[in-house]
Amino acid sequence: MTALPYVDGNMLDGPLGEVFAVDLSTATGRCAHCGTPGPMAALRVYPYAPGLVGRCPTCLEVMLRLVRAPDRAWLDLRGATVLEFPMPLDRPR
Amino acid sequence: MGIVTPGFTGRPRAEAPDLPPGQYLTPDFPVLSAGPTPRVPRDQWEFVISTETGTEHRWSWDEMMALPQQTPTVDIHCVTRWSKLGTTWRGVCLDTLLDGVDTAADYALAHSYGGYTTNLPLADLRDRQAWLVHTYDGEDLPAEHGGPARLLVPHLYFWKSAKWVRGLRLTVEDTPGFWETAGYHDYGDPWREQRYQGD
Ligand SMILES: [Zn+2]
């Protein structure tokens, strides 16, 4: 019997937990619309809305949306093709 | 006996009997914005209804203003929990705009200058429940509140009342809009407190 080429999403807890434990403001993101990379801390965030909307400072398209309900949250990053996080060298991978 | 104890039922008291659950009354008109405010000159403004067959119905500003106008006074309820009672608007009833539109669609996706979208059942835009408004409280609708013209669908949470609205895409299938793809409820009835998906 051959092992499946994938495992269930529970294995993401560790890796994603590590990523989301870092300070997002130290991350670099690339805009999916115009391709410009830059620090996430440079996004234009519109907080006076039903959720947080982070826009690319170059083209003003949406890179990030975060909606927070009392018991749930939704994070939409379809407008960011990739995020880069600085990681401490001494943290085991 | 005879002693009324506020809060005895355990339910939070609304500040006014006309408020949906979880809402508070505000005399202000808060400005909510998910992006930069589009500035659309009236001579370049247009409103387009496209049907599921690709037919387009267009109105210029002057054509829209030449249609029969109504002055609805309605209560509005924002999902961020403020409500404002007795707001007065002026504009065209959506029934008037949909009157000559031949469609079998069940849904509408409102889309705006600036890229915002929100979805509604087409039935909720009919029967004198929705307007395309250009005037608030007797004055031209300011850009920060959605001018030159916005949708007004007061029986649903106010995010459905798309600011800077440019048109409606009528579709057979429901297409979730900007907030509806990020956790907010597809329908958004304030009286049933349909804020988030699954509410
Ligand atoms: Zn960009």
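Predicted model: local features only at pLDDT ≥ 70, side-chain atom pairs only at ≥ 80, totals over all residues.
Two strands are taken to pair when DSSP finds at least two bridges between them. Across the pairing, A:Arg55 faces A:Val62 in β5(A).

β4(A) has another partner to look at. Strand β3 (residues 44-46) of chain A is joined to strand β4 (residues 52-55) of chain A by three bridges, and the two run antiparallel. Here, too, there is a hairpin, with five residues between β3(A) and β4(A). A:Arg55 turns up again in this pairing, standing opposite A:Arg44.

Elsewhere in chain A, three strands build an open sheet, ordered β2-β1-β7, with antiparallel pairing. Its edges are β2 (37-39) and β7 (80-84), each of which pairs on one side only. From one strand to the next, the twist averages 25°. Strand β1 (residues 28-31) of chain A is linked to β2(A) by three bridges, and A:Thr28 lies opposite A:Pro39 in β2(A).

Then there is the question of empty space. Rolling a probe the size of a water molecule over the atoms shows where such space is left. The largest pocket holds about 620 Å³. Its lining takes in 37 residues, and those nearest the centre are B:Ser33, B:Ala34, B:Gly35, B:Tyr116 and B:Trp164. By residue type, the lining of this pocket splits into 24 nonpolar, eight polar and five charged.

Terms used. Residues numbered from 1 in each chain as written. Chains lettered and ligands numbered in written order. Heavy atoms only, no water. Helix = DSSP H or I, 4+ residues; strand = E, 2+ residues; numbered from the N terminus. Axes fitted to C-alpha atoms, helices over the stretch in contact; angles between N-to-C directions. 1 Å grid on protein atoms, 1.4 Å probe; cavity = no way out; pocket = protein on both sides within 12 Å on 5 of 7 lines; lining within 4 Å. Points joined across faces, edges and corners; volume = space filled by probe spheres on them. Nonpolar A, V, L, I, M, F, W, Y, C, P; charged D, E, K, R; others polar.
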